[in-house]
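This report describes one protein model for a reader who has not seen it before. The sequence and structure come first, and the description follows.

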Amino acid sequence: AEDIKKYVEGLGKPTPKISTYILDISSFASIKSFTANIKSNFDHIDVLINNAGIFLNPFSKTEQGFEVTLGTNGIGTAYLTNLLLPLVIKSTEGRIVILSSAAINLLSSSTLNKAFEDIGGKNAKESNFEIYALSKYYNTAYAEIVQEKLIEKGINNVSVFSVHPGVVRSDIFNKAENSFTTFVFQSVFVPLLSIDVDTGATSTLYAATSPNAIDHKGKMFDEGPVIKLFKTPSTYTLDSARKIFDGINKE
């Protein structure tokens, strides 16, 4: 964040004030502290982009006892958004963008069904790609159902989206576990399928700023540069999304 701040301020043009705050999205205590700081300094939020996440990190549990990937990518993101939602509602036209992944296409029905009974992965014994895919399923489900809840309450000035940014050449692998799966991703998928960071930001920026995006509230956008709706897999249903949303909020 500080690097971005220096870059923007170095452009030599009039720029908005840029502030940075510390946040560990795997920790409820950190999220509470972060959101308290935001609420004390801002009276509304126009755009909330949930970009933070982890990929194939070594197995561990969060302070709340959740499997670290689910606790960070899925539950932490939802908890943060829940706490900041009142500020987004105060915007004239608020938007929330949650980064998901095409990895949801590879989530098995058996893993999803087990998740209904253990949303936070408290009984998990390992962190693997299926767990990552499940955490991204949580992101897509949360975005769609929180939008549904807002509309039910007559709150129509907030648009919520999830996006698949693509396989982006970023630093997400920096803390990934040294494993065969990580090796395959870094040596095969990244060289063959990856896109640069600028292209990877396209779908996120579209959801955050495009007037046309509002026609697809609650939906998931595919990677750029040409933006279209993401085709969710057969395992993704509105009923399953609602179960995931309810389970996350119980945690």
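## Salt bridges

Arginine 95 counts as buried, at 2% relative accessibility; buried means under 20% relative accessible area, exposed over 50%, and partly exposed in between, with a 1.4 Å probe and protein chains only. The model is predicted, so local features need pLDDT of at least 70 and side-chain atom pairs count only at pLDDT 80 or more, while totals for chains, interfaces and linings use all residues. Residues are numbered from 1 along each chain as its sequence is written, and side-chain values use heavy atoms, with hydrogens and water left out.

The side chain of arginine 95 meets that of glutamate 93 in a salt bridge, a term for a side-chain nitrogen of Lys or Arg within 4 Å of a carboxyl oxygen of Asp or Glu. Glutamate 93 is partly exposed, with a relative accessible area of 41%. By this rule the count comes to six salt bridges, and the table gives some of them.

| Pair | N to O distance |
|---|---|
| Arginine 95 and glutamate 93 | 2.9 Å |
| Glutamate 144 and lysine 219 | 3.2 Å |
| Arginine 242 and glutamate 148 | 2.6 Å |

Helices (H or I, at least four residues) and strands (E, at least two) are DSSP runs, numbered from the N terminus. Glutamate 144 is buried at 14%, whereas lysine 219 is partly exposed at 38%.

Arginine 242 in helix α9 and glutamate 148 in helix α5 are 94 residues apart, and this pair also links distant parts of the chain. Here arginine 242 is partly exposed, with a relative accessible area of 35%, and glutamate 148 is buried, with 18%.

## Sheet and core

Four strands form an open sheet in the order β1-β2-β3-β4, with parallel pairing; two strands pair if DSSP finds at least two bridges between them. Because β1 and β4 stand at the edges with a single partner strand each, one side of each has no neighbour in the sheet. β2 and β3 run parallel and are joined by six bridges. Helix α5 lies across β2, β3 and β4 and runs at about 165° to β3; axes are lines fitted to C-alpha atoms, for helices over the stretch in contact, and angles run from 0 to 180 degrees between N-to-C directions.

The largest nonpolar core has 50 residues, and Leu84, Ile96, Tyr138 and Ile244 have the most contacts inside it. Such a core is a set of buried Ala, Val, Leu, Ile, Met, Phe, Trp, Tyr and Cys residues joined through side-chain atoms within 4.5 Å. α5 gives the most to this core, with 13 residues.

## Serine 100

Where is serine 100 found? Serine 100 is in the loop between β2 and α4, and at 4% relative accessibility it counts as buried. Its side chain joins that of threonine 140 in a polar contact of 2.7 Å, meaning a pair of N or O atoms within 3.5 Å; within protein, one must be able to donate a hydrogen and the other to accept it, and residues adjacent in sequence count only if both atoms are side-chain atoms. A polar atom of the serine 100 side chain also lies 2.9 Å from the backbone oxygen of lysine 136.

Notes
Contact = heavy atoms within 4.5 Å.
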